[in-house]
Amino acid sequence: VFHSTQYIRHHTRPNYTPEPDVCHELLGHVPLFADPAFAQFSQEIGLASLGASDEFIEKLATCYWFTIEFGLCRQNGKLKAFGAGLLSSYGELEWCLSGKPELQSFDPVKTGVQKYPITEHQPLYFVTESFESAKQKMI
């Protein structure tokens, strides 16, 4: 079972919506949660929050934002998008691969304190080698 919103973005703004809609949930999250490694990575972030301080939860949430929602990885030397916020927004997907935004290597210590906008395309993305690599760095 996958719980999803019923809201859908307005037809006048198909390339971006500031709040998750059914396109984001079903096109962005569902396919990746079918991948066991990705699902485990997402679950590990959630489990790490249990009993954690508010400060640590905020850092975990920021790492979640820059991986599960807006993550990039390298596959066979090519930059690939895997975050649901990217996969469900062709405008941001095009932007993140355009060479214009800043790209940095995923490092949870650095990533966890990075500020980010929620109403516009990201100016910065973090790149990991794989879900497993990101998970190992989070441990």
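Predicted model: local features only at pLDDT ≥ 70, side-chain atom pairs only at ≥ 80, totals over all residues.
How much accessible surface does the chain have, and what share of it belongs to carbon and sulfur atoms? I got about 8,200 Å² for the chain, with 56% belonging to carbon and sulfur atoms. Accessible areas here come from the Shrake-Rupley method with a 1.4 Å probe, and for residues only the protein chains shown count as cover.

Residues are numbered from 1 along each chain as its sequence is written, and side-chain values use heavy atoms, with hydrogens and water left out.

**Overall build**

I counted seven helices and four strands; these are DSSP runs numbered from the N terminus, helices being H or I of at least four residues and strands E of at least two. Read from the N terminus, the order is α-α-α-β-β-α-α-β-α-β-α.

Next I looked at size. The C-alpha atoms fill a box of roughly 40 × 35 × 30 Å along the principal axes.

**Burial and helix α3**

Of the 139 residues, 37% are buried, meaning under 20% relative accessible area with a 1.4 Å probe, protein chains only. I then went through α3 (residues 54–69), where the buried residues are L60, T62, C63, W65, F66, T67, I68 and E69. Their cover includes α1 (22–33), α2 (36–49), α4 (84–87), α6 (108–111), β4 (124–128) and α7 (131–138).

T62 counts as buried because its relative accessibility is 6%. Beyond its neighbours within four places in sequence, T62 touches T111, G112, Q114 and Y116.

**Cysteines**

How many disulfides are there? I found zero, taking a disulfide as a pair of cysteine sulfur atoms within 2.5 Å. For C73, the closest cysteine sulfur is in C96, 11 Å away, so the two are too far apart for a bond. C73 counts as buried at 13% relative accessibility, and C96 is buried too, at 2%.

Definitions and conventions. Buried < 20%, exposed > 50% of the residue type's maximum accessible area, 1.4 Å probe, protein only. Contact = heavy atoms within 4.5 Å.
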